[in-house]
Amino acid sequence: MRNLLPVLTVVAAIIALWYGAAIMLNSTWAQDKATRAGTTLSMTELITDTWSQKKPKLPVPHQVAAEIWQTTVEKKITSKRSLIYHAGITFSSTMLGFVMGTALGIALAIGIVFNRTMDMSVMPWVIASQTIPILAIAPMIIVVLNAVGISGLLPKAMISMYLSFFPVVVGMVKGLRSPSHMQLDQMRTWHASASQTFWRLRLPSSMPYLFTSLKVAMAASLVGAIVGELPTGAVAGLGARLLAGSYYGQTIQIWSALVMAAALAAGLVSIIGLVQRLTLKRMGMA
Amino acid sequence: MNDQPVVTAENLSLTFETSDGPVHALKDVNLEVHKGDFVSFIGPSGCGKTTFLRVMADLEQQTAGTITVNGVSPEEARKSRAYGYVFQAAGLYPWRTIGGNIRLPLEIMGYDKADQDQRVKRVLELVDLAGFEKKFPWQLSGGMQQRASIARALAFDADILLMDEPFGALDEIVRDHLNEQLLSLWDKTHKTICFVTHSIPEAVYLSTKIVVMSPRPGRITDVIDSPLPRERPLEIRDTPEFIEIAHRVRDGLRAGHGDD
């Protein structure tokens, strides 16, 4: 609770800046309207206008909050206009992609740690895979998978997986290699097999690295899911809301989808953080 | 029976190839360790005492000469789990209890559950840690952790105990206490112990045989068979015999350093 005050101070500063920026950015449009109507605006009128436009360049926090309220609490979840409905769609492909990415990442890391050939051959490709802009490759994944009859959740989850396996591979390779020489020598003196060393030493030692990777992977997975929703024709999901919003200049809708995405990411990452704290505390590693 | 050699090294050499040229960690080392001996290896850093222990344990391989442990190669001895190795740090797993840590080698070696329980109990009593089975390593002091790691090395049926400066990181008072306990443990278990140290009093107090080594190249400069009795109270360190042996060890160490 002691760090509540600094956090609130920063939040207050950001909101103040935000309102100020909204006045600056939206005032041109307010002045244009006034000129066309042949009136002049007082300072108060100008500020009121910039904070309540229908399609402002920068919507103010209370407009975004009102939009979120209308599209979450006041809409049925089944409605296509419900932000919760869209967030749910993004959430499901985020989770599926996250699980697939984590599994792939761990499997690759095990291969890299135990097999010298894989260490030499796979790692460069893993790194190369992340240098390709996801925006370029996402439509191709969608199109190719569609051509072989796979559509819906899976193609989007594949894009999430593509982004989220990377931090898991890197973290787990480091984690599985984290036992000291002494600990590995110790296993050797007991004539322990590779699998015994893996389950009893390498895997438990890698836990702090795994959780850190999972946090990054979860955030990346959400980005992947949103990017995956863009080329699907903006049917559903937070990505679709962003795209539809930008088609029609609905800045308030864009911002509310952004805030929702951020809240979703924060929620998911903090759940991992909680599991991390509990697990590492139980393991005596926190 | 008492004269049967447990470890025999003949002209043992080990050279590490480094970018600065070869480093002779061990050169023409000849040594016999007999069953029930308590052998200390003493010398300055770089004299190869730890390397020699690691060759015995098959953690390093010699580049020339021969060595047998229990009559077979170190590799076979390791695979038949002929020795317990105690490292400089206790190296207990934080996610396992003390009991769980001692159980670790037993699980790996496939002892059945009932046998594991009984062995854990026995070795914990042996190192004076009865009642600490359910505690976690962080709840124990450094000295207690090191005792737990000795218990772990004693839990399975190895009759050789290799110890690499096990008390090096502990303070003098704890160290004295552990040395005393180690002697009584050695007396109770009849194990053969090879012990690396760089403390002269520790080496003289514990050993039946003191191997003095010197660096560049790592070699044995003196082997002293201690005339001290098996029964050794801490006060023995003030007797003339003890001081005389300590002198001889110091002379050996100084002689090895002559070329510096």
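Visitor: What makes residues 252–275 of chain A helix or strand?

Guide: Helices are DSSP runs of H or I of at least four residues and strands are runs of E of at least two, numbered from the N terminus. Over residues 252–275 of chain A the chain is 100% helix and 0% strand, with end C-alpha atoms 35 Å apart. This is a predicted model, in which local features need pLDDT of at least 70 and side-chain atom pairs count only at pLDDT 80 or more, while totals for chains, interfaces and linings use all residues. Residues are numbered from 1 along each chain as its sequence is written, chains are lettered from A and ligands numbered from 1 in the order in which they are written, and side-chain values use heavy atoms, with hydrogens and water left out.

Visitor: Which residues of chain A are called "transmembrane region", and where does the name come from?

Guide: The name comes from the UniProt annotation of an unreviewed entry, covering residues 83–113, 125–145, 209–232 and 252–275 of chain A. Such annotations may be inferred rather than shown by experiment. In the model, residues 83–113 of chain A are 100% helix and 0% strand.

Visitor: Why is the link between D58(B) and R188(A) called a salt bridge?

Guide: The term requires a side-chain nitrogen of Lys or Arg within 4 Å of a carboxyl oxygen of Asp or Glu. The closest N and O atoms of D58(B) and R188(A) are 3.5 Å apart, so the pair qualifies. Across the interface of chain B and chain A, the rule finds three salt bridges.

Visitor: How many residues make the contact between chain B and chain A, and what area is buried?

Guide: Contact (heavy atoms within 4.5 Å) takes in 23 residues from chain B and 18 residues from chain A. Buried area is the accessible area, with a 1.4 Å probe, that two parts lose on being put together, summed over both. Here that comes to about 2,100 Å², 59% of it on carbon and sulfur atoms. F87(B), W95(B) and I108(B) supply 32% of the area that chain B buries against chain A, more than any other three residues.

Visitor: What is buried between domain 1 and domain 2 of chain A?

Guide: The bounds, 4–58 for domain 1 and 83–282 for domain 2 of chain A, come from an automatic or database domain assignment. About 460 Å² is buried between these domains. W18(A), K55(A) and P56(A) supply 64% of the area that domain 1 buries against domain 2, more than any other three residues. The count of salt bridges between the two domains is zero.
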